[in-house]
Amino acid sequence: MIKRIQEKEWPANSMIPTENELMAEFNVSRTTIRQAVSILVQEGILEKKQGKGTIIKPSVFVGSLGKLKGFAEEAIENGIYPSSKLLFVKTSNNLKYESSMLKLPKEEEIVVIERLRFANQTPIAIERSCWPYCIGKMLIDQDLNGATFYEILEGNGITLKHAKEKITAINATLLEADLLGIRGGQALLQMERLSYGNEDRPIEYTTTKFCSDKYHYNIELMR
């Protein structure tokens, strides 16, 4: 059954075959099928929907703390196809909090790019990134539906050295819920990232709001 799921023969969000069909396919008893389904439900691979049946849950996107990577890099490492939809791009010199985070003079413009991020064509996160204009101008001329920001910056000789992240739990607004295809008020995992470049200057302030049931972090601790 796991092989059927891994090879996309049973795609995410689809119903698994009936018990009778599974018994015939695998030549096992009803008890064995029920035990197998129960184990896969416990492991988060399948999900029982009341009144509907059992479905294949979408793959969970697993991020890892300790290495500075972009969304697309993490997705590919998870065997997931990443994509984006541009929501808006603008420049502003009236973003006080973002200016303070990026340590910019009040009058300096900031480039703001907001995108809906997808994992295997399923909306998983809303990403709002803010850049000093001297950095952001390298991005706004790109196809922002498919651009990989870190690769573009590195291609222009700008290297991100390190970043600080803060992770909090929030609730989705109605607009965010509509974009992500979830219920209003549903829990989201919010990640705030402040990235530093040469001379330890902040060059990126990004807030990403993830569906909490489709994304989690792995942290390795040593003692």
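Contact here means heavy atoms within 4.5 Å. Welcome to a predicted model, where local features need pLDDT of at least 70, side-chain atom pairs count only at pLDDT 80 or more, and totals for chains, interfaces and linings use all residues. Residues are numbered from 1 along each chain as its sequence is written, and side-chain values use heavy atoms, leaving out hydrogens and water.

**Around Thr 206**
- Leaving aside residues up to four places away in sequence, Thr 206 touches Glu 127, Arg 128, Ser 129, Cys 130, Met 191, Glu 192 and Arg 193.
- Thr 206 is buried, at 4% relative accessible area (buried is under 20%, exposed over 50%, partly exposed in between, with a 1.4 Å probe and protein chains only).

**Salt bridges**
- You will find eleven salt bridges in the structure, each a side-chain nitrogen of Lys or Arg within 4 Å of a carboxyl oxygen of Asp or Glu.
- One of them joins the side chains of Arg 193 and Glu 165 at 2.5 Å, N to O.
- Arg 193 sits in strand E8 (residues 187-196) and Glu 165 in strand E7 (residues 162-171), so this pair ties together parts 28 residues apart in sequence (strands, E, are DSSP runs of at least two residues, and helices, H or I, of at least four, numbered from the N terminus).
- Arg 193 is buried at 7%, whereas Glu 165 is partly exposed at 32%.

**A network**
- Arg 4, Glu 9 and Glu 25 are linked in a network of salt bridges.
- Within it, the side chains of Glu 25 and Arg 4 meet at 2.5 Å, N to O.
- Glu 25 belongs to helix H2 (residues 19-26) and Arg 4 to helix H1 (residues 2-6), 21 residues apart.
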